[in-house]
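User: I'd like to learn how to read charged pairs and helix packing in a model like this one. Can you walk me through it?

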Amino acid sequence: MNKNSDKLDDYLDNHYIHRSNWLRAAVLGANDGILSTASIAIGVAAASDVRDPVILATLAGLVAGALSMAAGEYVSVSSQTDVENADIERERIELEETPEIELQRLAEIYEKRGLKKETSLIVAKELTEHDVLAAHIRDELGINEISQAKPIQAALASGASFTVGGLLPFLVVIFLPFINMEYYLYGFAIIFLIILGALSAKTGGSSIIKAVLRITFWGTVAMGLTALVGYLFNVNVE
């Protein structure tokens, strides 16, 4: 019996949906970290004859970007949490004021999913007796432990991954020859993006080829446009 219970508790272990919240924030942060810092470095390097302004601009972009990503992710996910909490409170009031109507709504949801009308009502009653609010939160509002917003987790994952991603092009700016720096940055950034795309696809159980093609295409567009801006303005930064 205990073995069967353990198997039921671990039923999501071979699935990937429970990783979606932190994985989305981590991939977004790392992708932005690589692209933002590399694009800034490429743009400044295209308009400069010396290394120091490129290092300064890249470091500033790295620090500002990491803080911005963490704060932005926290604020946006917190807004989602506020909406979820408001809906849960509204649902709680409705259950107190109109329990029969809410029971019928729950039964209708199960009926639309394929259960017979009589079976739907039985299921709705049994779930209501067990935990009425949890049943409505899950099946009427569509909120569960997997999809529920987690602001702090998202902020930490996004900010940390941006920092890691941004450090990679920053190290390129510091240690590689300054001549043809734009090409070094682009080449290494594409390599970093390919690795990121492959890792994210592997972690999420999706197609590695699609992830790599998607991330490298848009990365090339972003860095190419930034380099173009630097060449067009051709400001000599010294």
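User: Let's start with glutamate 94: with which residue does glutamate 94 form a salt bridge, and how far apart are the closest N and O atoms?

Analyst: The general idea first: side chains of opposite charge can pair when their charged atoms come close. A salt bridge here is a side-chain nitrogen of Lys or Arg within 4 Å of a carboxyl oxygen of Asp or Glu. Glutamate 94 pairs that way with arginine 105, with 3.6 Å between the closest N and O atoms. The pair links distant parts of the chain, eleven residues apart: glutamate 94 is in helix α3 (residues 52-97) and arginine 105 in helix α4. Helices are DSSP runs of H or I, at least four residues, numbered from the N terminus.

One caveat: this is a predicted model, where local features need pLDDT of at least 70 and side-chain atom pairs count only at pLDDT 80 or more, while totals for chains, interfaces and linings use all residues. Residues are numbered from 1 along each chain as its sequence is written, and side-chain values use heavy atoms, leaving out hydrogens and water.

User: What about aspartate 139 and arginine 113?

Analyst: Those side chains meet in a salt bridge at 3.2 Å, N to O. The two are 26 residues apart, with aspartate 139 in helix α5 and arginine 113 in the loop between α4 and α5. Aspartate 139 is buried at 11%, but arginine 113 is exposed at 55%. Elsewhere, salt bridges with shared partners join Glu94, Glu102, Arg105 and Glu140 into one network.

User: How many salt bridges does a search of the whole structure find?

Analyst: Eight.

User: And at what angle do the axes of α4 and α5 cross?

Analyst: Two packed helices are described by the angle between their axes and the distance between the axes. The axes of α4 (residues 99-112) and α5 (residues 117-139) come within 8 Å and cross at roughly 115 degrees. Angles of 65 to 115 degrees count as roughly perpendicular, so α4 and α5 are roughly perpendicular to each other.

Methods. Axes are lines fitted to C-alpha atoms, for helices over the stretch in contact, and angles run from 0 to 180 degrees between N-to-C directions. Angles under 35 degrees count as roughly parallel, over 145 as roughly antiparallel, 65 to 115 as roughly perpendicular and the rest as oblique. Buried means under 20% relative accessible area, exposed over 50%, partly exposed in between (1.4 Å probe, protein chains only).
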